[in-house]
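Trainee: I am new to this structure and would like a close look at a single part of the surface. Please take me through the nonpolar patch and the aromatic rings around there.

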Amino acid sequence: MKASTVVRHTLTHLFIIALGLLMIYPIVWMIVSSFKPNNMIFSDPGLIPKAITIENYISGWKGYAGVSF
C-alpha cells in the first residue's frame, strides 16, 4: 500500500470514530440525566452527577394522570 492510501484510510477511520462518539453522547447524557434529581438535569450539564436518585423511575412507574405503567 502507498503511504498516501494509509494516511487517507487512517483519517477516514478517525473521522468515523469521532462522528460515532458525537452521535452517542446525547444517548449517554439522557441515561445519566435519568439518575439526576429534576432540578439538576439542566443546571449540571456534566456527565457525572453530584447526586444520584432513582426518584424519576419511581414516579414514572407510578404513572401520570392516573395512568400507571
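**The nonpolar patch and the aromatic pairs**

Mentor: Start with Ile 52, which is found in the loop between H1 and H2. The model is a predicted one. Ile 52 has a relative accessibility of 66%, so this residue counts as exposed, because the cut-off for exposed is over 50%.

Ile 52 is one of the residues of a nonpolar patch on the surface, together with Ile 27, Met 30, Ile 31, Phe 35, Ile 54, Tyr 57 and Ile 58. Together they have about 800 Å² of accessible area. Two elements give two or more residues each to this patch: helix H1, which covers 3–33, and H2. H1 provides the largest share, 3 residues.

Two members of the patch, Phe 35 and Tyr 57, also come up among the aromatic rings. To place them, take the aromatic pairs in turn. Searching the whole structure gives 2 aromatic pairs. One of them is formed by Trp 29 and Phe 42, with ring centres 6.0 Å apart and planes at 40°, so this pair is tilted. It links distant parts of the chain, since Trp 29 sits in helix H1 and Phe 42 in the loop between H1 and H2, 13 residues apart. Trp 29 has a relative accessible area of 25%, and is therefore partly exposed. Phe 42, at 71% relative accessibility, counts as exposed.

The rings of Phe 35 and Tyr 57 make up another pair, with centres 5.4 Å apart and planes at 45°, so this pair is tilted too. Phe 35 belongs to the loop between H1 and H2, while Tyr 57 belongs to helix H2, so the pair ties together parts that lie 22 residues apart in sequence. Phe 35 has a relative accessible area of 31% and is partly exposed. Tyr 57 is also partly exposed, at 44% relative accessibility.

Trp 61 is in helix H2, which spans residues 55–62. Its relative accessibility is 60%, so Trp 61 counts as exposed. From Trp 61 to His 9 there are 52 residues in sequence, and the C-alpha to C-alpha distance is 48 Å.

To go over the part you asked about: the patch takes two or more residues from each of H1 and H2, and Ile 52 in the loop between these helices is a member of the patch as well.

Conventions. Residues numbered from 1 in each chain as written. Predicted model: local features only at pLDDT ≥ 70, side-chain atom pairs only at ≥ 80, totals over all residues. Heavy atoms only, no water. Helix = DSSP H or I, 4+ residues; strand = E, 2+ residues; numbered from the N terminus. Buried < 20%, exposed > 50% of the residue type's maximum accessible area, 1.4 Å probe, protein only. Patch = residues over 30% accessible without salt bridge, like charges linked within 9 Å, V, L, I, M, F, W, Y side chains within 5 Å. Areas by Shrake-Rupley, 256 points an atom, 1.4 Å probe, with all protein chains shown as cover. Salt bridge = Lys/Arg side-chain N within 4 Å of Asp/Glu carboxyl O. Phe/Tyr/Trp six-rings, centres within 6.5 Å; stacked < 30°, edge-to-face > 60°.
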